[in-house]
Amino acid sequence: MEVTSQQFRASARRALTDERLQAALKSIQKGFPGKRARAIEGLPEFAAISDHVTAMRDHVNAHLDVYLERFEAQVQAAGGRVHWAGDAEAACRTIVDICRQAGARNIGKGKSMASEEVALNDALAAAGMRVTETDLGEYILQLRGDHPSHIIAPAIHLRRDDADQAFARHHPPEQRATSDEPAALQAEARRVLRERFADADVGITGANMLIAETGSTCIVTNEGNGDLSQCLPRVHIVIAGIDKVVPTLEDASAMARVLARSATGQDITVYTTFSTGPKRAADVDGPEAYHVVLLDNGRTDLLGGPLESMLRCIRCGACMNHCPVYGAIGGHAYGWVYPGPMGAVLTPQMVGIENSADLPNASTFCGRCAEVCPVQIPLPDLMRHWRERAVEKGAEPTFMRWGLRAWAGFAARPARYRRVTRLAAGMLRLLAGRRGHLRRAPLAGGWTGTRDLPAPAARGFIERWRSGER
Amino acid sequence: MSDRDAILARIRERLPAGDREESAAARLREHPAGPLPERARGDDPTLQQRFREQAQAASAEIIDADGPDELPGIITGLLDAESTDQDPTADAQAAAGVVVDESLLAELGAIGSCRRAEPSDALAVSRALCGIAETGTLVLRSGPGRPTTAAFLPPIHVVVLDRTEIVGGYEDAWDRVRAAGDTPRTVNWITGPSRSADIEQTLNMGAHGPIRLVIVLV
């Protein structure tokens with residue numbers, strides 16, 4: 001996916017005036033936070049479990065090599081293969097090769113953000129393979145040539161008529177729904193995708209967790225598409241970041257208790273599936289081959305540095321569901337795969353801060369993201385880190401760099417500062433006249449565009465303090 | 001250097017030196033549980049009641065049976081009701097096949113067979129290893145006579161669960177899976193029927209998997 005984070009300001013401005021998007025965003029803010037709050041109310045131990053999972057994730061980061069090697073050994077012991085991919089290109093090449101060797105033409109895919117990160121669909125299509133996204137939201141996006149705008153509700157920016165139009169363009173008339181009710185459209189996608197599942201030679205899924213103890217990969221879904229994508233085709237390929245590993249099944253259980261509650265506000269998703277190796281000799285069904293592609297793509301760079309806590313992230317989406325900036329502009333404005341506060345931390349890491357300098361500024365620093373994060377990532381602190389890096393690299397806009405420099409020089413000379421501000425305050429008061437407020441002010445159009453500026457008081461704080469007022 | 005060696009080298013370079021093997025090995029060996037929620041604890045009747053409530057809250061249906069010999073009547077009843085219902089997904093209308101867990105062939109051999117599920121199947125009957133009270137979750141595992149496709153292709157999924165196999169939390173379920181032998185290819189935790197809210201956040205059942213999940217408690 002092309003990085004458009006450089007155009008953040010323009011994209012955000014467009015998003016703010018997009019009425020359809022604004023309506024969709026309202027429904028996120030109405031839906032997810034309330035559901036999450038109710039789910040957590042039903043589990044009084046949530047805070048203690050969050051502490052435990054946070055400590056577990058830190059423990060994994062401190063022993064990442066050991067757990068990854070153990071995971072690899074266990075996958076191999078179960079008859080599967082592990083492939084390591086340093087970057088996006090290596091991941092795509094590995095998966096295309098596996099598909100070629102399997103003689104695959106049709107590929108069914110479950111939802112995977114790692115696959116978005118490496119632009120896997122483009123690579124498979126370029127190799128002449130037909131890829132079908134099978135998650136309902138992802139499927140609609142694929143038909144439209146669109147990308148996810150949310151990591152767990154990918155098509156949240158669309159409405160039913162968008163889905164209806166996409167289906168009308170791509171589905172045969174005899175399979176079309178008779179109404180544009182969500183239930184009817186969902187049933188239509190089900191009918192069409194059943195054939196895709198049956199045709200698929202290879203199934204590709206992501207992973208919510210990799211379990212070192214057993215070599216299992218785990219996905220959590222509500223639709224069942226991730227399961228059909230792996231139990232029907234001959235080959236199952238899993239693509240996952242190396243940060244997905246957890247030590248044991250007990251650790252996976254603790255994480256399951258916070259994941260869905262933080263994400264959709266469910267106690268648990270409908271399907272939590274643990275897959276270990278290919279089908280056994282006496283099994284009735286299941287894939288004949290099982291591959292896991294472990295993706296680095298910049299993750300190891302986070303280790304041992306100021307952003308290490310980002311490796312705890314379990315991709316629940318709670319930070320974006322509670323973010324006033326995400327809620328105002330949606331996910332696409334962020335310009336790459338990961339939106340919201342977690343995206344504002346990850347995107348600079350993966351595409352470079354020089355290409356995404358606005359993202360760490362796309363925050364009011366209200367702190368809700370850190371408050372709702374089930375693994376307690378201090379997201380505002382991490383965004384502040386990127387702000388500092390952006391300034392060091394000179395990646396912030398020119399007017400900001402000069403403006404701040406001028407301000408710094410000015411503020412470091414208190415006597416002159418006071419004289420000039422007193423003068424400016426007097427002028428503003430004069431301009432305000434008897435109204436006591438200004439409709440417009442020089443250099444302050446951003447403020448006065450939507451509200452009036454109150455006139456400054458006649459005497460400032462320091463003046464009054466000096467004159468003995470207490 | 002291979003990608004594997006390069007990734008592992010980068011990790012080791014960034015982590016403080018020292019023996020990390022032992023503390024990781026200890027965690028794997030002892031697999032300690034985290035804080036167990038109150039809702040995962042209680043005596044058998046409490047857990048059975050909680051399982052029932054949680055499963056129903058997740059839109060699963062529950063049928064109480066005295067024993068497996070009631071199964072043929074239950075399954076026939078479900079199939080008859082379905083053929084007269086207007087099924088919104090329409091794929092059940094032409095559907096006829098029934099997939100049955102091998103352990104239930106004695107009761108259901110006349111209605112279905114144990115095999116991989118097909119898109120044309122109307123119903124599947126699985127047997128759960130156990131049920132988890134804390135969230136009303138069923139635990140199924142793949143293996144000889146236990147097709148995984150049964151849980152996802154047919155529009156109706158019936159799961160037979162022995163009341164005495166209801167445990168408190170997820171950790172208890174893993175004890176059962178471990179006790180049953182090697183890690184199976186697939187362990188499925190299933191909580192209610194398939195659903196999606198991807199179109200306008202409107203929740204509808206039967207996204208790709210079953211539209212109805214019927215738990216028969218024996």
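1. What covers the buried residues of helix 6 of chain B? The cover includes helix 12 (249-263) of chain A, together with strand 4 (130-132), strand 5 (137-141) and strand 7 (166-167) of chain B, where contact means that the C-beta atoms of two residues, placed from the backbone, lie within 7 Å. The helix itself spans residues 170-179, and its buried residues are Tyr170(B), Glu171(B), Asp172(B), Ala173(B) and Trp174(B). A residue is called buried if 20 or more other C-beta atoms, placed from the backbone, lie within 10 Å of its own, exposed if 12 or fewer do, and partly exposed in between. Helices (H or I, at least four residues) and strands (E, at least two) are DSSP runs numbered from the N terminus. Helix 6 of chain B is followed by Gly181(B), whose phi is positive, near 125°.

2. A word on the basis of these remarks. The model is predicted, so that local features need pLDDT of at least 70 and side-chain atom pairs count only at pLDDT 80 or more, while totals for chains, interfaces and linings use all residues. Residues are numbered from 1 along each chain as its sequence is written, and chains are lettered from A and ligands numbered from 1 in the order in which they are written.

3. The contact between the chains takes 80 residues from chain A and 67 residues from chain B. On the side of chain B that touches chain A, at least two residues each are supplied by helix 1 (3-14), helix 2 (21-30), helix 6, strand 8 (186-190) and strand 9 (195-196) of chain B. Helix 1 of chain B gives the largest share of that side, nine residues. By class, the side of chain B that touches chain A has 25 nonpolar, 24 polar and 18 charged residues; Ala, Val, Leu, Ile, Met, Phe, Trp, Tyr, Cys and Pro count as nonpolar, Asp, Glu, Lys and Arg as charged, and the others, Gly among them, as polar.

4. Strand pairing also joins the two chains: strand 9 (residues 271-275) of chain A and strand 8 of chain B run antiparallel and are joined by five bridges, where two strands pair if DSSP finds at least two bridges between them. Within this pairing, Phe274(A) stands opposite Val187(B) of strand 8 of chain B. Strands of a sheet pair through backbone hydrogen bonds, either parallel or antiparallel.

5. In chain A, six strands form an open sheet with parallel pairing, in the order 1-10-7-4-2-3. Its edge strands are strand 1 (81-85) and strand 3 (130-133) of chain A, each of which pairs on one side only. From one strand to the next the twist averages 20°, with axes taken as lines fitted to C-alpha atoms, for helices over the stretch in contact, and angles running from 0 to 180 degrees between N-to-C directions. Strand 2 (residues 106-109) of chain A is joined to strand 3 of chain A by four bridges, the two running parallel, and Lys109(A) has Glu133(A) in strand 3 of chain A as its bridge partner.

6. An automatic or database domain assignment, the source of the bounds used here, divides chain A into domain 1 (43-300) and domain 2 (413-466). The C-alpha centres of domain 1 of chain A and domain 2 of chain A lie 57 Å apart.

7. Ala126(A) belongs to helix 7 (residues 120-126) of chain A and counts as exposed because it has 10 C-beta neighbours inside 10 Å; 30 residues separate Ala126(A) from Val96(A) in sequence, and their C-alpha atoms are 9.5 Å apart. Glu308(A) lies in the loop between helix 13 (299-302) and helix 14 (318-321) of chain A and counts as partly exposed because it has 17 C-beta neighbours inside 10 Å. Leaving aside its neighbours within four places in sequence, Glu308(A) is in contact with Asn61(A), Leu302(A) and Leu303(A).

8. The secondary structure of chain B comes to six helices and eleven strands, and 51% of its 218 residues count as buried. Among contacts in chain B with a separation of 6 or more, 74% are between residues 24 or more positions apart.

9. Which backbone angles in chain B deserve a look? Phi is positive in Ser59(B), near 75°, and in Gln201(B), near 55°; each is a residue other than glycine. Most residues other than glycine have a negative phi. Ser59(B) lies in the loop between helix 3 (44-57) and strand 1 (61-64) of chain B, and Gln201(B) in the loop between strand 9 and strand 10 (204-205) of chain B. Ser59(B) is partly exposed because 16 other C-beta atoms lie within 10 Å.
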